[in-house]
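Welcome! Please keep the view open as you read.

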Amino acid sequence: MFVHQHHEGPVRLAFTDALGGVSEGPYAAPAGGSGLNLGSHVGDDPAHVAANRARVAEALGLAADRLVLLDQVHGADVVRVDGPCSGPAGSADGLVTTTPGLGLVVLVADCTPVLLADPAAGVVGAAHAGRPGMLAGVVPATVGAMRDLGAREITAHVGPSVCGRCYEVPLPMQQDALARVPESGARTWTGTPAIDVAAGVVAQLAALDVAVTWVPGCTREDDRFYSYRRSGTTGRFGGVVVLQERP
């Protein structure tokens with residue numbers, strides 16, 4: 001279920017994989033067995049998605065209705081949430097909160113999930129960074145929104161995503177990325193132009209003096225994860241960060 005977990009003070013965060021759920025068909029785990037698809041927008045049975053989300057929430061000590069998700073649109077908007085939401089918290093790609101007991105969730109299947117926290121200040125955030133969002137600055141925007149809420153010593157955990165060797169793009173698209181985030185430039189296994197979104201995100205975080213833990217794993221190469229570039233119709237795994245209730 002989890003490929004990476006971290007617990008510091010009141011903050012708990014984790015990245016899921018595609019294993020240990022109930023989804024079948026194209027939403028089954030690529031490595032085999034039923035899948036832990038968390039995406040409700042990809043065509044999976046809604047009952048399966050709900051069951052999978054409940055499993056993740058329970059493992060993190062939350063009720064399923066305490067998970068907060070977005071209608072992700074590959075932009076740079078950030079939403080502040082103060083309580084549970086019956087549906088998406090907004091059309092955006094960043095979430096921040098100072099409210100304990102909520103699980104901020106971003107969903108991916110090649111894009112880069114970023115979980116952010118300042119345990120001392122009691123501020124957490126999450127960002128979904130695809131190529132457009134990385135170039136638009138969704139991660140710096142999320143860091144800025146957290147600092148507006150009082151965060152000062154922010155740490156980031158950057159989850160598995162498609163690597164630069166596997167993300168081939170047309171040369172003009174790569175040149176546009178290089179002009180805006182030079183560190184995102186890459187080459188594929190065959191030497192063609194590519195973009196490394198996660199490397200770009202890590203560079204953006206470093207420029208903001210945010211300490212980074214970069215979790216290894218290429219979604220296209222590793223069948224523990226869902227990958228849109230590998231499979232087309234597929235599920236979504238996610239990153240979740242929780243500001244826990246204090247005793």
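Predicted model: local features only at pLDDT ≥ 70, side-chain atom pairs only at ≥ 80, totals over all residues.

Two strands count as paired if DSSP finds at least two bridges between them. Strand β8 (residues 112–118) and β9 meet that test with seven bridges, in the antiparallel sense.

Residues are numbered from 1 along each chain as its sequence is written, and side-chain values use heavy atoms, with hydrogens and water left out. Helices (H or I, at least four residues) and strands (E, at least two) are DSSP runs, numbered from the N terminus.

Is β9 buried or exposed? Seven of the seven residues of β9 (residues 123–129) are buried, so the strand is largely enclosed by the rest of the structure. Buried means under 20% relative accessible area, exposed over 50%, and partly exposed in between, with a 1.4 Å probe and protein chains only. In a regular strand, side chains alternate between the two faces of the sheet. Here V123, G125, A127 and A129 point one way from β9, while V124, A126 and H128 point the other way.

β9 also pairs with β6, in the antiparallel sense over four bridges, and V96 has G125 of β9 as its bridge partner. Six strands form the open sheet, in the order β5-β6-β9-β8-β10-β13, with mixed pairing. Its edge strands are β5 and β13 (211–214), each pairing on one side only. Neighbouring strands of this sheet are turned by 15° against each other on average, direction ignored.

## Two helices

Helix α3 (residues 138–148) lies across β5, β6, β8 and β9, and runs at about 165° to β9. Axes here are lines fitted to C-alpha atoms, for helices over the stretch in contact, and angles run from 0 to 180 degrees between N-to-C directions. Contact means heavy atoms within 4.5 Å.

Helix α5 (residues 197–207) is largely enclosed by the rest of the structure, because nine of its eleven residues are buried. Among them are V197, V201 and L205. At the start of α5, a side-chain oxygen of D196 reaches to within 3.4 Å of the backbone nitrogen of A198. D209, which follows α5, has a positive phi near 60°.

## A glycine in a loop

G87 sits in the loop between β5 (78–80) and β6 (94–97). Its relative accessibility is 33%, so G87 counts as partly exposed. G87 and G235 are 148 residues apart in sequence and 19 Å apart in space, C-alpha to C-alpha.

## The whole chain

Stepping back, the chain has six helices and 14 strands. Its radius of gyration, taken over C-alpha atoms, is 17 Å, close to the 18 Å that the globule rule gives for 247 residues, so the chain is as compact as a globular protein of that length. That rule is 2.2 Å times the number of residues to the power 0.38.

Of the 247 residues, 54% count as buried. Residues 24 or more positions apart account for 61% of the contacts with a separation of 6 or more.

Terms used: Polar contact = N/O pair within 3.5 Å; in protein donor to acceptor, adjacent residues only side chain to side chain.
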